[in-house]
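Biologist: Can you walk me through this model? I'd like to begin with how strands get paired up.

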Protein chains: 2
Amino acid sequence: MLFFLVLSFWVPAVLTSGQVWPLNSTPRKTVTLGNRGHVFQEEGVWNYTTMLLMEDEGVLILGAREAIFALDLNNITHKKAMDKWVVTSEMQRNCADKGKTPTECHNYIRILHKMSNDTMFVCGTNAFNPTCDIMSYKDGKLTLEGKQQDGKGKCPFDPFQRCASEFVDGKLYSATSLNFLGSEPVVMRSLNDTIRTEFLTSWLNEPNFIGMKHVAEGDDNPEGDDDKIYLFFNERAVEYDAYSKMEVSRVARVCKGDVGGQRTLQKKWTSFLKTHLDCPVLQTRLPLLIQDVFLFCPDTWTNCMFYGVFTPQGEMPEYSAVCAYSIQDIRHVFSKGQFKSLNSNTLFRKWVTYSGPVPDPRPGACINSKTREKGISNSLDLPDKTLQFIRDNQLMDQAVKPSEQPLLVKKGAVFTRIVVASTTALDGSSHQVMFIGTASGSVLKAVNYDGKMVIIEEVQLFKQSEPVKILRLSVTLGQLYAGSEEATVQMPLSTCDHYASCMDCVLARDPYCGWDLSAERCIAINNIHPDTHSEVVQSLRDGNATRCPAVESTMIIKTFYPGNEVRLLCQPGSNLARVQWSVNNHTIQNSNKYNIHHNNLLILNASDSDAGFYTCTSVESSNGKDYVIRNATYELRLGDFMEHPLVQPQIQDQQKSLLALKILVIIPTLILLALVVWNFYKGHFAVQRCLEKAEESPQSVCLSGATANCSRKINRNNNQQNS
Amino acid sequence: MLFFLVLSFWVPAVLTSGQVWPLNSTPRKTVTLGNRGHVFQEEGVWNYTTMLLMEDEGVLILGAREAIFALDLNNITHKKAMDKWVVTSEMQRNCADKGKTPTECHNYIRILHKMSNDTMFVCGTNAFNPTCDIMSYKDGKLTLEGKQQDGKGKCPFDPFQRCASEFVDGKLYSATSLNFLGSEPVVMRSLNDTIRTEFLTSWLNEPNFIGMKHVAEGDDNPEGDDDKIYLFFNERAVEYDAYSKMEVSRVARVCKGDVGGQRTLQKKWTSFLKTHLDCPVLQTRLPLLIQDVFLFCPDTWTNCMFYGVFTPQGEMPEYSAVCAYSIQDIRHVFSKGQFKSLNSNTLFRKWVTYSGPVPDPRPGACINSKTREKGISNSLDLPDKTLQFIRDNQLMDQAVKPSEQPLLVKKGAVFTRIVVASTTALDGSSHQVMFIGTASGSVLKAVNYDGKMVIIEEVQLFKQSEPVKILRLSVTLGQLYAGSEEATVQMPLSTCDHYASCMDCVLARDPYCGWDLSAERCIAINNIHPDTHSEVVQSLRDGNATRCPAVESTMIIKTFYPGNEVRLLCQPGSNLARVQWSVNNHTIQNSNKYNIHHNNLLILNASDSDAGFYTCTSVESSNGKDYVIRNATYELRLGDFMEHPLVQPQIQDQQKSLLALKILVIIPTLILLALVVWNFYKGHFAVQRCLEKAEESPQSVCLSGATANCSRKINRNNNQQNS
């Protein structure tokens, strides 16, 4: 019948169920930063969104709104130095006069690059008047040199418009907007040999710049190829004729040695090529848009990978994805792929695959050994034919596809930033660990094992749910730095000691951590002495925890009083575990009687029959095997009312009354007894009878005390009679 | 600071917040069918998805899998008649041999049309061998006449492929698939003058047929125009050149009098025109797809409106919309609009606006007075030029837009079906009430007041969350009939007596209901006697409930015992109300102490200080005015332990002990007293002293009883001495 229903109404079945997302992942743990990391926040300073790691100096240079900090890389709460770069009130007035808000009319530090060991190149929006300066960090002091220079084309006017830049060989490569309105995009090289893009929609069409990366492809290149600067951005698509505005992700690149053309493309890039960067997620009908990019190079540049985070365009982004691209695939498209060209007439314009002859040297190619052989030593020597072609056709026909399917697809998340760290596991294998920032202020730690994505944990970095705006990685220190509008956070790449049990440690599949069987704790793999390897359990691909010793949960005794509700807590410690409650070994389901909410059990209107043993077990599946953990065991006992603090005084009162009464019983009884004894002693009781008896038979024997008393009386009477 | 954050990270701000959906609506009430309606389910029968209302006969003809029922329209649980149409085991075997599943190899009734007063035209899929028959309903009996005829092109082969049909003037108009594979779509007229579409992708391109409606435009038409058959469907778009497969909603139409061309388009439609039916929802970047259509004609055909329900294509439909189109707008596009034509060369194909001369008579137009004047009395007379043009260009350039913005946009809902009923309010105004079926088995009742959508209620029709597959309306009986895979449900269009209070009745803004101030109940407007109008409150546009008398909620006394949890219930009766809990007039927030979940309050680890007065107030805003309703008032009293059934026996035991002790005190005390008295009486106590006193002064006066006793003793002693 189920099959029947699925068949007969495919729309919600396919589209609303989570099961069609094979790569849809849930973080195994959801935790807050707590004592795992450090938070830096300066009173009155916001927008901690620009960072520069200076590992030799041990400082993190942090650019914020009107302030630059030098923080201790080991503990960012230690502020080593600070400099302010404030806009004057006159500049603020000018800015406001142009229709900008007071919030926008500040100086937002947007560009920070290292120039030499102790000098940096820094730019700020400067109340919609972008300005750059040189800054030094010497003798624990951060100093802006005040050699201010025009920042147009280097840094955006608008503090909230995205930009990208790189600093290579003393030159700044930047992608931003050239004008106040933010409507004139440019990709340029400055500080020397200034060169830029043509202002044509075929070059850049309403772009949103995401990231720029320098790849030293010129190093030991057998073809004598040049270094490249790669640019990642989204722009309005021209190649599709869509129902409404459609955007597309792009990767573009220029050659480091490009100096522009002689007559054509004078002072303009002769090597600007771009293509569609595709991150195909299942039946997505619109291309996803890139939000951040990280360049991961394990050793030589030939093995470099670009990791990008993507979100759907338009409407509500209901999921996010990570795609990774190899530098070789990108190079292949640019150096061997076909071009797109515009076919237009009076009725329409359409970008189609260019099928005509491609000039030689190939348009957009860098100067290499072959072109040098032809006597072309730099771009000034390029023939006009090549230059004219590249001026009109920068777009490649073929898209760059990810090396594999998207590495990660997550429903209900908006990814904003990514960094990737590599680590060596216990068995010597190497793993790339992704740290992904989200719009809700958390960082996901994820690894792809044989095509299957594992999200080890989601750490909520900020108290408010504010987007992660920057992520930086220190591989040497094993630390992650994240910035948002409100704060900067430092977090270690791993905190193994937070895994409480062997099962927890092994099922986490965290490549940084393993369970030390002898020490009985979760330890960092890189701290293990080679001799103790056999004592440590780590199972990354399988998550096999069978070597873990069994653990018993302790019994918690909880008393209750009938008539109200009783709540029993259960924290399975893993979002992947299915929690099951049982009472006296009978499974509990949600009902009028029981309410299971956030894994906790609420017993409604508890009665004395609810006393018993309650257990919360969680079952975590790992690679097809179920691991059962008993999380909590409760003995629910009917409360002893007599011991209740509210009953106690009353009981005590009653007991006092009882005591008083008992005393009251004892005292008169004792008095009574005493009186009776006295009476007997005095012989008052027996007088008449004893006298009568004595009269009848004076020799009668009195054995008891009373009779002795009596006999004494008789004697006395006899004495009286005798006297 | 908030503004700052919003500005600085627009993506999630715009895309994840619900506030950018101004038409996003929540149903005021969410209820189950309960005793509001009737459910019909026949053991062993599924797929109640075809319905025909025969109001003259008072029966609902219901087509299901291998069965047809005649149910009482007033109460569908009364089955008046039934006939079976079962496939033979041989047919089933044949069907299975062709690779179909046992579920598919049944006879699913898909077509039911009225031919005359007591005869019907019925078709079933018949194990992938579509077959039609004539059926009669006479003398309370439902009989298939067994005159089976080929159903190809009338009814689909595949029971789960959608189709559309209409029965006009003894002819069947159908849109379905002609072949076993479901890959050859056709729109045809049969039973007489058979005529159909060309099998070309420009005519129908992988269509999914949704609905077909006959509009009698020929009635009293000043232009002598013909009746039209309108067809609604989704198909693969040709006019867009998208990133991936893209679908588009279409409205197409043919003329009733079309008999095909003479040489060109022989036995093919000469009047088949189609265009994009657009339902634009905010920044939607892909056209929405139609799921159902309802033809609403208040009086003459010129005022007819088509109501369509739409869902987004691809990925997860996170919302649904309703758009309404006037017949005049659709007519205008078809009769005056420009055509699209295909511009193709070796490199590409592109559909562009046709700018050349349009032949006369206009291609696709029905035969009307003007064409008749030209001597063209039917489509056979049309010139080849006109026919050749329409064979290649059925697609119009201009899309049909809804009369206003989408009438309703609802997040988190998948709409499947719609019917629209008109009703007259207390003030004489007319309102169109939409009943919208959803994929989760509920019906939404919604009205648009001055461009603002109000969802009066959502009624869950089926126990399982299964999609509503058919909705039918009986205006005369005021009943709604809905069918799903598992059951058929009947529900009245309104149940005013379910509104409990005046506030509830008026704030519901249900055009069918008003609050009778004198009778103090919510009554149906159409039952009101004109004289009592002034006594009834109804405020549809404003939802103004100020005329409602104030209502006090009764106090509920609840006792609790400290140490556990206490749950206090609150049912505001409206999803639009914001619930607020307070204790002793202090507002309660969610905290470690209080947990507000589904409007109910859970007091965690209650102590004696939690005793007090708890109130649950709900504030419902209506047209800018807040209406505060006190839903529940609790006096939470510390339970008297002494009266607790578990304490009572112990207390009673103690009391018994006390009583026993008291008795024990009283008895010896009494005995003691008696003994003392006796002793006194006997004069044992006073003997010595009295004797001594008597010796000192024998005349001493003994006034009290004790002294009297004493004096008697003295006398006795004296007597003894004297004797």
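Modeller: One definition to begin with. Two strands pair if DSSP finds at least two bridges between them. Keep in mind that this is a predicted model.

Biologist: OK, what sits between strand 41 and strand 42 of chain B in their hairpin?

Modeller: Two residues lie between those strands of chain B, and N623(B) in this hairpin takes a positive phi near 55°.

Biologist: How many bridges hold strand 41 and strand 42 of chain B together, and in which sense?

Modeller: Eleven bridges, in the antiparallel sense. Strand 41 of chain B covers residues 612-622. One of the bridge pairs puts Y614(B) with Y634(B) of strand 42.

Biologist: And how does strand 35 of chain B run against strand 42?

Modeller: Parallel, with six bridges. Strand 35 of chain B spans residues 555-560. M555(B) faces T633(B) in strand 42 of chain B.

Biologist: Where does D626(B) fall?

Modeller: In strand 42 of chain B, which covers residues 625-638. Leaving out residues up to four places away in sequence, D626(B) touches V619(B) and S621(B).

Biologist: Is D626(B) buried or exposed, and why?

Modeller: D626(B) counts as exposed because it has 9 C-beta neighbours inside 10 Å. The cut-off for exposed is 12 or fewer.

Biologist: How far is D626(B) from H113(B)?

Modeller: Their C-alpha atoms are separated by 50 Å. Along the chain, D626(B) and H113(B) are 513 residues apart.

Biologist: Switching to cores. Which residues have the most contacts inside the largest nonpolar core?

Modeller: V122(B), L231(B), V322(B) and I436(B), in a core of 145 residues. Strand 21 of chain B, residues 319-326, supplies the largest share of this core, with six residues. Another core lies apart from it, with 144 residues, including Y48(A) and F232(A).

Biologist: What does V122(B) touch?

Modeller: Not counting residues up to four places away in sequence, its contacts include G63(B), I68(B), I109(B) and C132(B). D133(B) is also among them.

Biologist: Now chain A. How many helices and strands?

Modeller: Ten helices and 43 strands. Chain A has 723 residues, and 44% of them are buried. Of the contacts between residues at least 6 apart in sequence, 57% join residues at least 24 apart.

Biologist: What about the open sheet of three strands there?

Modeller: Its order is 37-41-40 in chain A, and the pairing is antiparallel. Strand 37 (566-568) and strand 40 (594-597) are at the edges with a single partner strand each, so one side of each has no neighbour in the sheet. On average, neighbouring strands are turned by 20° against each other, direction ignored.

Biologist: How many bridges join strand 37 and strand 41 of chain A?

Modeller: Three, and strand 41 of chain A is residues 600-603. L568(A) stands opposite L601(A).

Biologist: What does UniProt list for residues 659-681 of chain A?

Modeller: An unreviewed UniProt entry lists them as "transmembrane region". In the model this span is 100% helix and 0% strand, with its end C-alpha atoms 32 Å apart.

Biologist: Last topic, confidence. What is the mean pLDDT of chain A?

Modeller: The mean is 86, and 89% of the residues in chain A reach 70 or more. Over residues 1-20 of chain A, pLDDT is below 50. Residues 697-723 of chain A are also below 50. Where pLDDT is low, the predicted coordinates should not be read in detail.

Biologist: And what ipTM and pTM does the predictor give the complex?

Modeller: An ipTM of 0.76 and a pTM of 0.82.

Terms used: Residues are numbered from 1 along each chain as its sequence is written. Chains are lettered from A and ligands numbered from 1 in the order in which they are written. This is a predicted model: local features need pLDDT of at least 70, side-chain atom pairs count only at pLDDT 80 or more; totals for chains, interfaces and linings use all residues. pLDDT is the predictor's confidence in each residue, from 0 to 100. Two residues are in contact if their C-beta atoms, placed from the backbone, lie within 7 Å. Helices (H or I, at least four residues) and strands (E, at least two) are DSSP runs, numbered from the N terminus. A residue is buried if 20 or more other C-beta atoms lie within 10 Å of its own, exposed if 12 or fewer, and partly exposed in between; C-beta atoms are placed from the backbone. UniProt positions are given in the numbering used here, feature names are shortened, and annotations may be inferred rather than shown by experiment. Axes are lines fitted to C-alpha atoms, for helices over the stretch in contact, and angles run from 0 to 180 degrees between N-to-C directions. A nonpolar core is a set of buried Ala, Val, Leu, Ile, Met, Phe, Trp, Tyr and Cys residues joined through C-beta atoms within 7 Å.
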